[in-house]
Amino acid sequence: LQYNPGWNSSSVNLLHVRAVGAADTLHYVWSSIGAPAVLLVATRSSTSALGIDWTRLLSPAPAGAVWIDPPGSVTHAAAVVFTKVFEYSEAGAQEELFYPTYDLSDFSWANINHTLNHTALTAEFSGVPAADPGGSFSNGSLAFRVTAYEAGGRDQALPSLLHTANSSKVEFVLAGVAPRGNGSRFVLEVAAVEEAGVTPALRAARSIDDEYTPTVFEVLSLAAQAQNESSARSFLQWKATAYGSRSPRREDGIRCRSHGLRAANGSLPMSSVVRAYFGDGAGSSYSVSAVNISFGGEEGRVYQEKRYLSWSALLGFGQPPQDSFSPLVISIMAVALGTPVLLLLLGGCALLCARRQRYSEYEPIN
């Protein structure tokens, strides 16, 4: 993990996470310069390096300020931008009242160097609006917690996401922010930036297995897929739930919904680091799509009571990890389904044997 590589000031935040393999390197570039975002670049070289022109990156025209050396080693590049947070409440049976939008590119972000943990591979981008006339953030903040992984495994805390060494986790947290209405609900707008020839797709997978995330049976993913390929190149994956507690339990679950994928070329405020790498050619050199993810329990009461909201997502390269039944669940299912079948078979055999035996109350005549 490298904080602001090549830059001595802490007035801005840029975190470079570099994972080196035997013959490739994965680069994650997290930044809160503009809207918070992460740039994902995979290379076929184990010595590829990140280059940054800081003067250009911090200028109004940052195109070309971020690159990978050697340029020919890049096999895939994409980005995820967290652009806006909407807040609304129900004004009537069929009406929704929306409050002024929180534009994350206008937030003031704290120095992440104080939260950087090189052992746990974690960091936290915490911010508040530069202008907060209503005082909603006077005792609260909005944060994106980042975690990198060195190996495969599963998170202990809910929603217990399954991860690989090729993935990282981001956790969106609203803590202590005062709602502007009774039963307020929140919506996070997420933009996906893909290079030319790659198409994003929003997928939903349902399963009867809720062993690791009780009562949650749906997993969604925003996958980047080339036109002539069947497998994904990169992804953003999450389970259809959020939580209203710092130590989440099943009863703290908050319903999470996704509202379709839409094209958003030229209509979203882009992050400086994304523009610095991809340039300004939206629609030609890269495409932008967006999805809204809403969080709301029963009438928004979960957040109203605890004023805490946490939503976790996994992002990385290749195919999204897929959950499967654990040996314990397979054993339980085998016993639960196999025992009745075995009893039926034994009962059928007993009836057949009983029919073959003939009984009589008369004694044979001599």
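A disulfide here is a pair of cysteine sulfur atoms within 2.5 Å. By that rule, the count in this structure is zero. The model is predicted: local features need pLDDT of at least 70, side-chain atom pairs count only at pLDDT 80 or more, and totals for chains, interfaces and linings use all residues. Residues are numbered from 1 along each chain as its sequence is written, and side-chain values use heavy atoms, with hydrogens and water left out. The protein chain splits into domain 1 (2–317) and domain 2 (337–365), with bounds from an automatic or database domain assignment. The C-alpha centres of these two domains lie 65 Å apart.

**Cysteines**

- The cysteine sulfur closest to that of C349 belongs to C353.
- C349 is partly exposed, at 44% relative accessible area. The classes are buried (under 20% relative accessible area), exposed (over 50%) and partly exposed (in between), using a 1.4 Å probe and protein chains only.
- C256 is buried, at 7% relative accessibility.
- C256 has F295 of strand 22 as its bridge partner.

- Helices (H or I, at least four residues) and strands (E, at least two) are DSSP runs, numbered from the N terminus.
- Strand 22 spans residues 286–295. Nine of its ten residues are buried.
- Two strands pair if DSSP finds at least two bridges between them.
- Strand 16 (residues 185–195) pairs with strand 22 in the antiparallel sense, over ten bridges. L188 has I293 of strand 22 as its bridge partner.
- Strand 21 (residues 253–263) also pairs with strand 22 in the antiparallel sense, over six bridges.
- In a regular strand, side chains alternate between the two faces of the sheet.

- N4 sits in the loop between strand 1 (2–3) and strand 2 (14–20). Its relative accessibility is 2%, so N4 counts as buried.
- Contact means heavy atoms within 4.5 Å. Leaving aside neighbours within four places in sequence, N4 contacts S9, S10, V12, N13, L14 and W54.
- I68 belongs to strand 6 (residues 66–69). At 5% relative accessibility, I68 is buried.
- With neighbours within four places in sequence again left aside, I68 contacts H27, V41, T43, S48, A49, L50, S73, V74 and Y277.
- I68 and G6 are 62 residues apart in sequence. Their C-alpha atoms are 15 Å apart in space.

**Pocket and cavities**

- The search runs on a 1 Å grid over the protein atoms alone. A cavity is a set of points where a 1.4 Å probe fits but cannot get out. A pocket is an open set with protein on both sides within 12 Å along at least five of seven lines. Lining residues have an atom within 4 Å of a point.
- Grid points are joined across faces, edges and corners, and a volume is the space filled by probe spheres set on the points.
- The largest pocket holds about 540 Å³ of space. It is lined by 28 residues, and those closest to its centre are A205, V219, P321, Q322 and D323.
- Strand 17 (198–206), strand 18 (218–226) and strand 19 (232–239) are the elements that give two or more residues to the lining of the largest pocket.
- Across the whole structure, three cavities of 30 Å³ or more are found. The largest cavity holds about 80 Å³.
- Residues lining the largest cavity include L40, A78, V80, A192, E194, L222 and F235.
- Strand 7 (74–90), strand 16, strand 18 and strand 19 each supply at least two residues of the largest cavity's lining.

**Backbone features in loops**

- The peptide bond from D69 to P70 is cis, with omega near -10 degrees. P70 lies in the loop between strand 6 and strand 7.
- The peptide bond from L158 to P159 is cis, with omega near 10 degrees. P159 lies in the loop between strand 13 (153–154) and strand 14 (162–163).
- L121 is not a glycine, yet has a positive phi of about 60 degrees. It lies in the loop between strand 10 (107–109) and strand 11 (122–129). L121 is buried, at 15% relative accessibility.
- T215 is not a glycine either, and has a positive phi of about 70 degrees. Its loop joins strand 17 and strand 18. T215 is partly exposed, at 48% relative accessibility.
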